Structures are given as structure tokens and as C-alpha cells.
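Colleague: I'm new to reading protein models. Could you walk me through this one, feature by feature?

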Amino acid sequence: MMRRGLRGLMVAALCMVPAAGMAQDLVTVGTVGVWDVLVDPTIGNGCLINAEFEDGSDVRIGFDPEQGNGYLMAMNADWGDIEDDKTYPISFDVDGQVYQGEGKGLHLDGLPGLDIGFDSADFLMDIAQKQTLSLSNAEGEVMSIDLTDSHAALEAAVACQQNQ
């Protein structure tokens, strides 16, 4: 169960941060389970968590201090038809809680993906508290990842952000 204080910290972290950049110069702060905790100096030292999954997905969840929001970036080599800067409607399902959003197409380290900004503390709390995150487009599910260790990893990212 998540501590009540973490919700307040996540809300504060979202208020301190802005949208994701195309950073390559990440600085490792630590590791929590499958998640690396990193700092992105190219977006105002925004902290993030990053993990690679068995289906080939590379997922980043972080804070953008320059824009004042959070972001989720999801990349996968199988998404080859994504166009940079094009907007794509996307649905997130976090253990049955569905969120709608838009992702901006990108290629990062050669992987096609989406950069999805968010300002919802509820979404961030769901990622921390729940077990599975699925992304879908109009054609159906394109990714499903296990959120094991996301709670502790996001706590570490919030602490990281408070120290920036």
C-alpha cells in the first residue's frame, strides 16, 4: 500500500517539472528492481525511471522541470511506422483504469516511440500502485508491461527530483 505522503510528493514533483526531451546524456543515480533511476541534464535535471522489457519495449517515466509536468516515453523496434513529431491518440490501461492521451512520435537511440506528457497525479499514482500498464491505439494493444518495483522506483525518482 502506498503511503499518503508519497501522493503529495508526486504532486509536488509534477508541479516542479515540464515535457520530455530527446536526451541521450542520462546520468545514473541508482537502480530499483528492473528500473534505472536517472537524471536528464538536457531537461533541467529532470529525474526519471527507465526499464527495458521482454517484448522489446523501452519505457521511461519522468519529470520535466522545464515544462512542469511528467512524461512517459515508450519505444519499441516493432513500431517502425511511427513518424517523428506526428501526434498519435493513445489509451493507457493501468489494471482497468483507462486514461486517454496523445503521444508525439519520435526516434530515440534508433527506436521508434511516443513521448506522452501528463500532469495527472492520479495517473502517476496508478503506475506506482498497480501491476500492469498497457498502451493501445485504434488498432489495439501495442504494449503491456509489468509494473513490479515501479512504486519504489518512483519514490526514488521523486527523491532525486527534490535534490535537483
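Predicted model: local features only at pLDDT ≥ 70, side-chain atom pairs only at ≥ 80, totals over all residues.

Colleague: How many residues are in the largest nonpolar core, and which touch the most other members?

Modeller: The general idea goes like this: in soluble globular proteins, nonpolar side chains tend to be buried together. Here the largest nonpolar core has 34 residues, and W35, I61, L72 and F92 touch the most other members. Another core lies apart from it, with eight residues, including L48, M75, L106 and L108.

Colleague: Now the strands. Are the residues of β4 buried or exposed?

Modeller: Here's the background: in a regular strand the side chains alternate between the two faces of the sheet. Now look at β4, residues 58–64: seven of its seven residues are buried. On one side you find D58, R60, G62 and D64, on the other V59, I61 and F63, and both faces are covered.

Colleague: Which way does β3 run against β4, and how many bridges join them?

Modeller: β3 (residues 46–52) and β4 run antiparallel, joined by five bridges. To see the pairing for yourself, find A51, which stands opposite V59 in β4. Five residues sit between the two strands in this hairpin, and G56 takes a positive phi near 90°.

Colleague: And how many bridges join β4 to β5?

Modeller: Seven bridges join β4 to β5 (residues 69–75), and this pair runs antiparallel. Y71 in β5 is the bridge partner of G62. These two strands form a hairpin as well, with four residues between them, and G68 in the turn has a positive phi of about 80°.

Colleague: Which residues have a positive phi although they are not glycines?

Modeller: D85 is one of them, with a positive phi of about 70°. You'll find D85 in the loop between β5 and β6. Its relative accessible area is 57%, and the cut-off for exposed is over 50%, so D85 is exposed. D95 is another, with a positive phi of about 50°, and D95 sits in the loop between β6 and β7. At 40% relative accessible area, D95 is partly exposed.

Colleague: What does E83 touch, leaving out residues up to four places away in sequence?

Modeller: E83 touches Y88, G105 and L106. The place of E83 is in the loop between β5 and β6. Sequence distance and space distance are two separate things to read: E83 and H107 are 24 residues apart in sequence, and their C-alpha atoms are 8.3 Å apart in space. With a relative accessible area of 46%, E83 is partly exposed.

Colleague: Last one, the rings. How many aromatic pairs does the structure hold?

Modeller: Four. Y99 is in strand β7 (residues 97–108) and F123 in helix α2 (residues 121–129), so their pair ties together parts that are 24 residues apart in sequence.

Colleague: Is F123 buried or exposed?

Modeller: F123 counts as buried, at 3% relative accessibility. The rings of F118 and F123 also form an edge-to-face pair, because their planes are at 75°, with centres 5.0 Å apart. F118 is buried too, and Y99 counts as buried at 16% relative accessibility.

Terms used:
Residues numbered from 1 in each chain as written. Heavy atoms only, no water. Core = buried A, V, L, I, M, F, W, Y, C linked by side-chain atoms within 4.5 Å. Buried < 20%, exposed > 50% of the residue type's maximum accessible area, 1.4 Å probe, protein only. Pairing = 2+ DSSP bridges. Contact = heavy atoms within 4.5 Å. Phe/Tyr/Trp six-rings, centres within 6.5 Å; stacked < 30°, edge-to-face > 60°.
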